[in-house]
Amino acid sequence: MDKEIEAYFDDVKLKQPSLCERLSSKLCLRRGQLDDGASTSEKQPLFQGRNTLWCCGAAQPLISKHRSIHLGVQDTNSFISNRISTGKYHVWSFLPRFLFEQFRKYANIFFLLICCLQQIPGVSPTGKYTTLMPLLFILLLSALKELVEDIKRHQADSKVNNSTVSVLKDKVWTTVKWKDLRVGDFIKLTNGSLIPADTLLLSSSEPQSIAYIETANLDGETNLKIRKGISKTSHLLTASQLADFSARIECEGPNRLLYDFVGTIYIDSRGVPLGPNEMLLRGSKLKNTSWIFGVVVYTGEESKLRLNSVKTPLKRSHVEKLTNIQILLLFGTLLFLSMFTAVANLVWTRGRDGLWFIDSVSYSFTLQFLTYIILYNNLIPISLQVTLEFVKFVQAFYINWDQDMYYAEADCPAMVRTSNLNEELGQIKYIFSDKTGTLTRNVMEFKGCSIDGVIYRDDITEGEIIPLKELKKRAAKKVDKDTGKIKDFLELLAVCHTVVPEKNDGDYIYRASSPDEAALVKGAQSMGWQFTERTPDTITISTPNGVEKYELLNVIDFTSARKRMSVVVRDKSGTIKLMCKGADSVILERLATNQSLVPLLESQLQSFAHVGLRTLCLAVRVLKKDEYDSWNKKYHEASIAISKRDELVAAAAELLEVNLTLVGATAIEDKLQEGVPDCIASLAKADIKIWVLTGDKQETAINIGYSCCLLTTDMPLMIINARSHDDTKVQIKRAITEFGPSIQKSNNVALIIDGQTLTHVLQYAKENSCLMTDFLKIAISCKAVICCRVSPIQKAEIVALVKKFVGAITLAIGDGANDVGMIQAADVGIGINGLEGTQAVCAADYAIGQFRFLKKLLLVHGLWNYYRICKLVLYSFYKNICLYVIELWFQIYNGYSGQILFERWSIGFYNVIFTFFPPLALGLLDRYTDTELPMRYPTLYKISQDSTLFNVKVFWMWITNAILHSVVLYFFSMLMLETDSSHPTGGTNGFLYLGNCVFTYTVVTVCLKAGMESYTWTWMHFVAIFGSILSWFAFVGFYSELWPTVRLGAAEDMAGQSRQLASNPVFWLGLILIPGCALLRDFVWKIVRRTFFISIKEKVEIFHNDSTINRRLGTKSGSSNPRSTDVQESGAKAKNKNSDFYVTKLFTKVFAPAAIYQFKPSQHSMLEQSKSQHGFAFSQDENSKMKQSDLIRIMNSNVRKPLGM
């Protein structure tokens, strides 16, 4: 493999030495890191398949042939267009892919085989086209449904592809659709625009070609990233300058590496290196920047975002898969019956050569065997597929039309994009959710603070908590002993930050890379302390007491290791102050001694964290001039050090950030989507495990976990952050030991794991390594899992891992392009119509407007659809077997000759007319519960989640019941007509009269069986069931009178049958007794089961409707927190006087919480270490080419920005 790599680079060297050397060193660096057991990058995804080679035991991206781009020259031949497609089908691929999808269903393969057999002369007892025409009809309807759903996907794609962007043509900015963009085009983007293609930043409205981008749509991070164009192109500020610009870019080919880019731009024959800090990736969003100029590098399906997606999969529900397996077993049963009947016919005909009605000369065992296959083929219902397709299609409209899932703010109804998975919504065990834009709104809001031991909040006014408006009044007073702390607090908020102000129509817009900082500055503004101006050396604020100007001496950046940021300023009086803000864990330990408010503040911070607020502690220190000068000299030396600069700077900062004076603490809310905590709590009660997969930082993710009630204050956190493969092994083994006997049980523990650790776990997933198995054991042992700093491809790999090895039905939900992979990898994918485009929706099976709608989608529609589809499938098999097994019993009396008992058109219309509407009533009209019940009692979801309504046992119980019904229907009819005359004249009729009697009783039985299986009855149920019965009587009455008026070949045998049936009292007596006898067992069993084996559903209904218990509880009907003793009493009322305690004991399980295994952590427990940690309100881009401290030194809010025309 090493020879292949070297040969590849030798070839590239001949073309581009400088670029090649950089690529070589880049790959060698990766080799070295892998050899040392370290990850390539903190967020480096796994790469498999396209653009991949295996190196050093791990999958590494193979950089394809580098590309050469001449700026401003559109190349329409070498590179693909910017059009994307998330549809399942295209014009040229629809037919083969559709047929492949349809004939993955064993039933369709079986009926295709029957169609072929029916074309053999003399074999089919039912004609040549009785199976072919229904099969073609089914395929046509399925094709239409698939087309309708895929057209919706292409329409969503079209909306994206037809978005517009400004492209430079003939020195003029021209509006062009995204799909028409080409590599080499110059484009202009304005603030708030989505990046249409992977673009190289050339210049911007900001100093030194800086641009802010939001990558929440790519990696889920809420903070803004800084991108900086090269200095050689920063002068391109107008369209004419850009049009005259000439250069060539040499760069690596398209690959999946989101965080890597290697290239060189040649300007006047001089090469300037390019890296990821100059790239704006498709899917990100331009923020806090008036405009940028860029050149397109990668387009469409070759953009890094699209390369991290996977091809739209063809998904099938687990009910369909299980049905497929049962069809195979039924097909085996059919072959056995056909073989048995053919052998029986052979035995019966042997020795009967003299009988005139036996054509022994033309007898063929093989043809006879094929005849029986055709005779029994309807044991597998051909109408099942078309009925399922129709029912699922209509069920989709139920979801689309649900007003409770309509998001009025965005005019966004729920939308079903793949109705094949409707029943899968009722069996979800694991939910994988994105964070940013899915659980949260990505909007930070200043909610409160603590100053001098006093809490100021608006949302709570209990006890000693004071409203924020009172704080504003106090802040407006003159500075004195009582208001001095408030002044210091608001001064620090307005000064200690890296925000840049911009005045627009009299109002200030704050541009910040950290949304938390922007929220704090806005919080100070609302209190009357407004940040108004920034220059490279000064900060100006407006206060109630006048304008204050500060000289900015130093800025010490925030890092994840430091967990704080500081500024050193000199006010107008000459006082030098250090202002510091950061996590309580680092600020409190740096305070001067004898600060009495610290214990009180710690309890207040806990109260903030308890409601999910993100906190920061604020502190200040007044510095003497000589003290500052001495420190500044050391700090300057550290900042210009050649080696270990970051460590030296951090050490220098430590010297100053001591002996601080506590000023207060802030509380910021990362606003959740409406109803998220309630939705997550309800889903947890339904025993659905929720994993949050986010590219955001660990502290931020933990905070959101608390806010949305995924994490609770009494839930220990098990944090696994490893930096090498060996370290990952050690930490996972330690976690396994920590759980002890509770491993793979339900534990009140949350697992927090980062993307770098997951890289080592997923790296060996293909080999089913012990490391991967141990990780899954830990994950499924935890009540909640949060995966931080994960890439889009890692999200998909985690979902696929759980789906494959845990065997559970999974659901993935997200709103951004970075969620597409996991949405497509899950059994069910749900996209949220977010503010960041429609990529997730285009790739999803279902689309909703808010996360909270997931509650009703799963608990109500999922449960209903699962019940309806299960009953539809079971009933369809039941009604066919009930009729067509009778043909087997009839063979006993006709020498196993293959003679059919029923008239051909009667058989043909059995599924199409006579029993067509009962399964539709079950699939579309029946309600397993009312809407309110599963929303109040999520435990009901376990009925569908555990597949209690459809499994192998239930399926074959229905088949057995159908066979028993066929025995009663046939043999009781035989007994009824064995000795009695069939009509008053004393004459008898042949087998067709018996067939019509049996057919009548069968239609009545299967229709009434549908009624017995219905939980709800409406007028439509009556029409469907009794209308189907009447349709048979109308048919036989009309059809038997056609001959000889209409001379149909088959009508001759039916002539007069309706009069013979109607005139025979035995027939009418049998119409009452025989269906009644057939259904008697079913009726008795329902009574016994509802009396002695009461189900969870019935227990909930009894409790919900028991007004006595509701009065005793003092709550409305259906309280979601019933007392256990009252529930037991309700269970006792459900019993009769002779029933035992067993029912009452079971009844309490309905509302009992899931068994949570509690264990005592060891002395050095991972859990104890994690228990005291909570997140803090700060997040910034730490990997940027330009630090925040350098950035603000080039910002001047007084300088007018170029217009970029």
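Mentor: Two strands pair if DSSP finds at least two bridges between them. Strands are DSSP runs of E with at least two residues and helices are runs of H or I with at least four, numbered from the N terminus. This is a predicted model, in which local features need pLDDT of at least 70, side-chain atom pairs count only at pLDDT 80 or more, and totals for chains, interfaces and linings use all residues. Residues are numbered from 1 along each chain as its sequence is written, and side-chain values use heavy atoms, with hydrogens and water left out.

Trainee: In which sense do strands S6 and S15 pair, and over how many bridges?

Mentor: Strands of a sheet pair through backbone hydrogen bonds, either parallel or antiparallel. Here S6 (residues 186-190) and S15 (residues 291-298) pair in the antiparallel sense over 5 bridges. Thr190 stands opposite Trp291 in S15. The open sheet has 6 strands, in the order S5-S4-S6-S15-S7-S13, with S5 (172-177) and S13 (279-280) as its edge strands.

Trainee: At what angle do helices H9 and H27 pack?

Mentor: Axes are lines fitted to C-alpha atoms, for helices over the stretch in contact, and angles run from 0 to 180 degrees between N-to-C directions. H9 (residues 318-349) and H27 (residues 853-891) pack at about 0 degrees, with axes 13 Å apart. They are therefore roughly parallel (an angle under 35 degrees).

Trainee: Is Lys447 buried or exposed?

Mentor: Lys447, in strand S18 (residues 440-451), is buried (under 20% relative accessible area, 1.4 Å probe, protein chains only), at 17%.

How values were computed
Parallel < 35°, antiparallel > 145°, perpendicular 65-115°, else oblique. Buried < 20%, exposed > 50% of the residue type's maximum accessible area, 1.4 Å probe, protein only.
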